[in-house]
Amino acid sequence: MDSIFSANHSSISCLKSRFLETSKPEISTSRNFSSSSISFSGPTSDLGAGFSSIGFSRGAMSSGNGNYKPKIVTGDYGYVLEDVPHLTDYLPDLPTYSNPLQDNPAYSVVKQYFVHVDDTVPQKIVVHKDSPRGIHFRRAGPRQRVYFESDEVHACIVTCGGLCPGLNTVIREIVCGLYHMYGVKRILGIDGGYRGFYARNTIPLTPKVVNDIHKRGGTILGTSRGGHDTSKIVDSIQDRGINQVYIIGGDGTQKGASVIFEEVRRRGLKVAVAGIPKTIDNDIPVIDKSFGFDTAVEEAQRAINAAHVEAESIENGIGLVKLMGRYSGFIAMHATLASRDVDCCLIPESPFYLEGEGGLFEYIEKCLKENGHMVIVIAEGAGQELLTETMQSTQQDASGNKLLQDVGLWISQKIKDFFAKKRKMTINLKYIDPTYMIRAVPSNASDNVYCTLLAQSAVHGAMAGYTGFTSGLVNGRQTYIPFHRITEKQNKVVITDRMWARLLSSTNQPSFWCHKDVIEDKKEDNAKIKEEGKQESLLIDSKKQADGPVAKKEVSSM
């Protein structure tokens with residue numbers, strides 16, 4: 001790739017002029033730092049919030065006692081930006097450099113490659129005419145000024161938690177993005193998850209090393225659960241001279257990344273900490289979806305197709321497929337909708353019961369009498385409350401996740417016993433658990449593209465000096481999201497939503513809910529929505545009171 005950085009002089013000059021014409025010039029920033037607030041009295045530069053037509057105020061990065069506080073920017077008409085930390089929040093005198101991309105001929109056709117400083121992405125895009133503008137996140141992408149020189153960067157990548165399709169693709173694209181776009185040559189892979197930091201296991205990474213890894217499942221860096229020792233990890237980062245840390249993992253891993261960022265900030269290190277959210281269950285909030293999810297749904301089709309073939313090939317055949325979904329049933333729901341061969345889908349969010357009128361056994365009997373066979377899909381976390389107390393586990397894995405009993409085996413036996421003893425009816429049940437087959441496959445085309453965008457967005461953010469953030473897709477746009485928003489709760493299927501209604505109409509299964517339950521659940525959902533609105537209003541009001549009069553920003557036309 002030496003040719004990318006050694007283009008002829010005329011093409012570089014032409015490219016520079018194009019970038020200078022289409023990118024917003026640097027504008028001065030004045031900051032008044034205190035222990036409790038950061039206020040702006042003039043236009044902001046690329047690291048700031050830069051709003052061209054609204055009054056705004058910014059929440060504090062630090063409270064004076066070392067505890068991190070979210071950065072909140074408020075504007076007119078109920079605008080709220082949940083901003084991400086920046087290195088200059090605690091290292092205000094850092095120098096900046098021109099982005100090497102402006103000299104990269106690969107981007108000569110791009111009219112305006114650098115992201116505008118004012119670009120933000122709304123969390124909610126469906127609003128009423130009188131609704132406030134609501135919460136926004138900073139748009140991801142390359143900035144005109146960067147806070148690292150290419151030769152200065154010493155990056156590392158770590159993967160933690162369970163396997164997921166796309167891990168190798170993310171690793172590859174981080175390495176290639178740093179190397180080809182920013183000329184970074186020193187990149188390390190941390191072997192074996194968080195433990196690898198202080199076990200001093202590293203793998204030098206170059207584009208040649210990672211060239212074909214996206215065609216393989218798993219992770220070339222190895223992974224593990226637990227092993228998070230903040231002090232040892234940051235000591236290792238400091239001792240090795242690492243200044244960019246890319247952490248790939250689920251909500252537990254991102255919590256660990258948040259703690260690493262806080263310790264890095266406490267020590268005053270120039271280290272950017274960036275997260276890439278990974279969960280095959282799609283249970284991370286805020287983002288549209290997690291990488292590997294599309295592949296998991298596609299691969300689940302193979303198991304469902306096999307179950308369907310088995311079931312329809314024999315009298316009273318039942319194909320039972322258990323899919324991943326510890327607390328969230330997104331894989332089971334989407335695989336069911338995509339298949340159209342499923343007669344019943346059971347997920348953690350939707351309680352069900354076995355016997356009695358309207359129960360699961362009655363529905364199975366009805367399907368067998370009408371069609372002669374049926375296919376059931378069950379998420380691994382569904383029906384756990386039905387297991388006897390002796391079967392329920394209180395143990396946890398190294399990541400703190402509750403160890404679940406195999407609900408697929410349990411419900412298979414329950415179905416067999418019911419029809420053998422109470423209905424004197426012969427059934428043929430085939431149980432399929434493709435969990436580890438799905439986790440281990442390489443990502444499909446859709447996920448490969450998504451992994452590329454996530455990885456490159458994380459690289460752009462770290463080079464621009466942002467830290468303590470997760471790269472994620474919000475309403476179809478790549479964004480930078482504060483760690484606390486990713487880890488505060490889990491994303492779950494809303495069974496009073498249209499998507500679940502579409503599934504019920506596809507399978508024709510009963511909801512296993514009585515009318516009263518549905519009404520109560522809708523009341524709870526409405527109460528949650530109202531509470532979120534109140535909290536948003538309180539957030540805006542408290543910011544106005546804390547920051548005093550809001551200075552209006554005057555921006556001349558450029």
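Leaving aside its neighbours within four places in sequence, which residues is His 460 in contact with? The points below take up this and other features of the structure, which is a predicted model.

1. **His 460.** This residue lies in helix α11, which spans residues 445-463. Beyond its neighbours within four places in sequence, His 460 is in contact with Leu 101, Tyr 113, Gly 141, Pro 142, Met 181, Tyr 182 and Tyr 480. His 460 has a relative accessibility of 4% and therefore counts as buried.

2. **Helices α7 and α13.** Helix α7 (residues 330-339) and helix α13 (residues 498-507) have axes that come within 10 Å and cross at roughly 45 degrees. The two helices are therefore oblique to each other. The crossing of α7 past α13 is left-handed. On the side of α7, the contact is made by Met 333, Thr 336 and Leu 337, and on the side of α13 by Met 499, Trp 500, Arg 502, Leu 503, Ser 506 and Thr 507. By class, these residues divide into 5 nonpolar, 3 polar and 1 charged.

3. **The surroundings of α7.** Helix α7 is mostly covered, since 8 of its 10 residues are buried. The buried residues are Phe 330, Ile 331, Ala 332, Met 333, Ala 335, Thr 336, Leu 337 and Ser 339. Besides α13, the buried residues of α7 pack against helix α6 (293-312) and the strands β15 (317-323), β16 (344-346) and β17 (373-379). After α7 comes Arg 340, which has a positive phi, near 70 degrees.

4. **Helices α4 and α5.** A second pair of helices is formed by α4 (residues 230-240) and α5 (residues 251-267), which pack at an angle of about 60 degrees with their axes 10 Å apart. This pair is therefore oblique. Here α4 passes α5 in a right-handed crossing. Helix α4 contributes Thr 230, Ser 231, Ile 233, Val 234, Asp 235, Ile 237 and Gln 238 to the contact, while α5 contributes Val 259, Ile 260, Glu 263, Val 264 and Arg 267. The contact of α4 with α5 holds 6 nonpolar, 3 polar and 3 charged residues.

5. Two packed helices are described by the angle between their axes and the distance between the axes. Within one α-helix there are 3.6 residues a turn, so residues three or four places apart point the same way. This remark may be kept in view when the contact lists are read against the structure.

6. **Cysteines.** How many disulfides does the count come to? With a disulfide taken as a pair of cysteine sulfur atoms within 2.5 Å, the count comes to 0. Cys 344 is in no disulfide, and the nearest cysteine sulfur, that of Cys 345, is 7.3 Å away. Cys 344 has a relative accessible area of 0% and is therefore buried. Cys 451 is likewise in no disulfide, and its nearest cysteine sulfur belongs to Cys 164, 7.7 Å away. Cys 451 also counts as buried, at 0% relative accessibility.

7. **Arg 195.** This residue is found in helix α3, which covers residues 195-199. With a relative accessible area of 37%, Arg 195 is partly exposed. Not counting residues up to four places away in sequence, Arg 195 touches Ser 224, Arg 225, Gly 226 and Gly 227. Although Arg 195 and Arg 225 are 30 residues apart in sequence, they are 8.9 Å apart in space, C-alpha to C-alpha.

Methods. Residues are numbered from 1 along each chain as its sequence is written. This is a predicted model: local features need pLDDT of at least 70, side-chain atom pairs count only at pLDDT 80 or more; totals for chains, interfaces and linings use all residues. Side-chain values use heavy atoms; hydrogens and water are left out. Axes are lines fitted to C-alpha atoms, for helices over the stretch in contact, and angles run from 0 to 180 degrees between N-to-C directions. Helices (H or I, at least four residues) and strands (E, at least two) are DSSP runs, numbered from the N terminus. Angles under 35 degrees count as roughly parallel, over 145 as roughly antiparallel, 65 to 115 as roughly perpendicular and the rest as oblique. A crossing is left-handed if the near helix is turned anticlockwise from the far one by less than a right angle, and right-handed if clockwise. Contact means heavy atoms within 4.5 Å. Ala, Val, Leu, Ile, Met, Phe, Trp, Tyr, Cys and Pro count as nonpolar, Asp, Glu, Lys and Arg as charged, and the others, Gly among them, as polar. Buried means under 20% relative accessible area, exposed over 50%, partly exposed in between (1.4 Å probe, protein chains only).
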